[in-house]
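Work through the exercises below with the sequence and the model side by side.

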Amino acid sequence: MTTTVTRYLLSRLRELGVGHVFGVPGDYSLAVLDEVLDTPGIEWVGTAAELGAAYAADGYARVKGFGALVTTFGVGELSAVNGVAGSYAERVPLLHITVGPSQAMEDTGASVHHTAGDGDFTRFARAHESVTCAHGVLRAPDAPAEIDRVLTAALAHRRPAYLRMPSDVGALHVPPPRRPLVRVDPIVDPGNLVRFTDAVRRRVASAESTAVLADYLVDRFGVRAELADLVAAGLPHAVVAMGKSVLDERDPLFAGVYAGALSDDVTRTTVDDADLLIRVGVHLVDTTSGGFSQGYPDGAGIELQPWEARVDGEIFADVPLAVSLPAVTELVRAHHGVTPTPPRLTDPPPPDTTCSALTQEFLWDAVSRSLTGEHLVIAEQGTSYFGIASRRFPSGCGFIAQPLWGSIGYGLPAALGAQLADPARRCVLLVGDGSAQLTIQELGTIARHDLHPVVVLVNNGGYTVERAIHGPRAAYNDIAAWDWRALPAALGAENALVMTVRTNHELLAALDAAHACTDRLVFIEAITDLDDVPELLRRLAEGVSIRNS
Ligand SMILES: Cc1ncc(C[n+]2csc(CCOP(=O)(O)OP(=O)(O)O)c2C)c(N)n1
Ligand SMILES: [Mg+2]
């Protein structure tokens with residue numbers, strides 16, 4: 001029995017749970033896409049642009065564990081590369097396949113379209129080398145081995161991989177997969193594990209107060225359940241915004257979203273003043289740490305990272321998160337320390353239902369209050385991210401943002417991917433007008449697939465987050481004024497529920513209507529003042545401005 005290279009690849013993607021492949025076709029890739037259309041269990045999602053496909057594959061992978069996009073050589077793949085770089089930075093595993101000129105054309109060095117006309121067919125792969133963890137060119141007979149190699153690497157590193165497929169290679173016959181894809185477990189050094197647990201035991205026994213700080217690597221390395229076990233041992237715990245949703249924010253011992261010196265007092269003191277701070281999958285970046293203003297001593301405490309652990313700065317190599325975290329939990333449970341006092345987070349004031357003009361503080365309070373455990377929030381960089389990140393979520397509510405790579409325009413296509421990945425969980429996209437202008441065309445893709453997310457578009461007349469940092473009235477922070485209300489219908493969502501809100505009262509009514517209307521796309525244009533920013537951003541912006549100068 002044989003299969004084709006394309007079918008081999010698609011069956012491996014199916015095995016990884018991929019049910020949707022994103023991209024834009026090109027003449028080189030059409031035959032490959034025929035096979036995608038013919039493959040049961042895989043749906044082709046044609047996006048308006050390749051960058052949207054890359055962001056969508058990323059949002060999809062954050063929900064399903066793996067994503068895929070197919071682009072055409074040169075023009076298509078380079079349009080996607082910013083998205084792939086974001087997945088690389090934020091550790092989202094996916095496969096970018098680009099289909100290019102046939103091997104025969106390559107051999108003759110022909111000056112074919114989508115090349116630079118110099119016979120170099122490897123140039124664009126080189127552009128991907130620095131933003132993928134594995135890359136290759138598919139050729140018979142080792143195409144199956146290459147596919148398996150790059151997929152295994154992407155899974156192990158939680159990073160994207162890249163494959164170039166000459167257009168004639170997809171149809172070549174190869175043996176079908178004989179066994180499941182090999183998953184590489186991280187290496188565990190038994191000696192270091194023993195030394196690590198001894199060090200943790202001593203540290204836990206002498207600690208007067210212990211707290212946990214968790215971040216996004218918990219999610220990427222699949223240890224949410226293990227983290228829940230650790231905090232269930234009775235430890236106060238906080239989360240870094242990039243890892244928001246890895247902890248239950250309604251737990252009585254939840255101490256809030258930590259942002260270094262910009263955190264609320266309760267959160268900051270819980271983390272910074274703990275005698276022993278256990279950091280789980282923490283990777284602070286400037287946008288999540290109040291510009292690296294964390295108050296806990298660097299290196300002190302217990303630090304659990306994907307492949308190594310540290311205790312008071314001592315490194316234990318090859319003691320990976322999946323092993324170190326349960327080990328720490330066992331030792332914390334065995335130690336009967338002082339029962340902690342639950343942190344007292346202040347709840348926001350009751351909603352102001354008057355007709356006063358909508359403010360950012362009110363907007364994010366109201367949006368967060370309206371969420372349930374069935375929602376998945378996607379927050380774009382800008383006031384949306386800073387506004388929602390610090391608000392407390394209901395148990396089970398998911399969160400996607402891109403504060404490390406921070407490429408505006410990411411949110412809307414990521415919501416497309418996330419909504420396709422889990423149709424049962426309604427996406428709530430929070431996006432600024434400036435960001436939306438980069439990738440709004442994917443609203444058409446959302447409509448074409450009859451998806452029903454709620455989009456809250458903050459219309460504040462331009463780049464407010466940038467105004468807060470520099471140039472409040474500079475022309476470069478202005479954008480073209482669009483008729484946002486007309487856009488959903490123009491882009492194919494004729495039956496969308498579209499609302500514009502200018503007051504607190506109108507926003508509350510719109511959110512009620514949005515949550516009641518689950519069978520349609522909902523688009524809320526929320527108008528706020530161009531200088532109005534959430535408190536966290538206001539504090540952060542002062543620091544950014546100083547650092548940039
Ligand atoms: C691709 C890309 N280009 C430029 C930037 C710089 N940038 C960061 S935020 C931002 C403005 C965002 O404005 P908007 O989406 O309207 O948000 P808000 O006004 O609510 O802050 C810009 C231009 C970026 N992060 N990514
Ligand atoms: Mg704006």
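A disulfide is a pair of cysteine sulfur atoms within 2.5 Å. The model is predicted, so local features need pLDDT of at least 70 and side-chain atom pairs pLDDT 80 or more, while totals for chains, interfaces and linings use all residues. Residues are numbered from 1 along each chain as its sequence is written, ligands are numbered from 1 in the order in which they are written, and side-chain values use heavy atoms, without hydrogens and water.

**Exercise 1.** Find how many disulfides the structure holds.

Solution. 
- Step 1: The structure holds zero disulfides.
- Step 2: C517 is in none; the nearest cysteine sulfur, that of C427, is 16 Å away.
- Step 3: Buried means under 20% relative accessible area, exposed over 50%, and partly exposed in between, with a 1.4 Å probe and protein chains only.
- Step 4: C517, at 9%, is buried, whereas C355, at 58%, is exposed.

**Exercise 2.** Identify the protein donors of the magnesium ion (ligand 2).

Solution. 
- Step 1: Donors are N, O and S atoms within 2.8 Å of the metal (3.2 Å for Na, K and Ca); water is not among the atoms, so sites may look incomplete.
- Step 2: Along the chain, their spacing reads D-x26-N-x1-G.
- Step 3: D433 belongs to helix α16 (residues 433-439) and N460 to the loop between β19 (454-459) and α18 (464-469), 27 residues apart. Helices (H or I, at least four residues) and strands (E, at least two) are DSSP runs, numbered from the N terminus.
- Step 4: D433 is buried at 2% relative accessibility, and N460 is buried at 6%.
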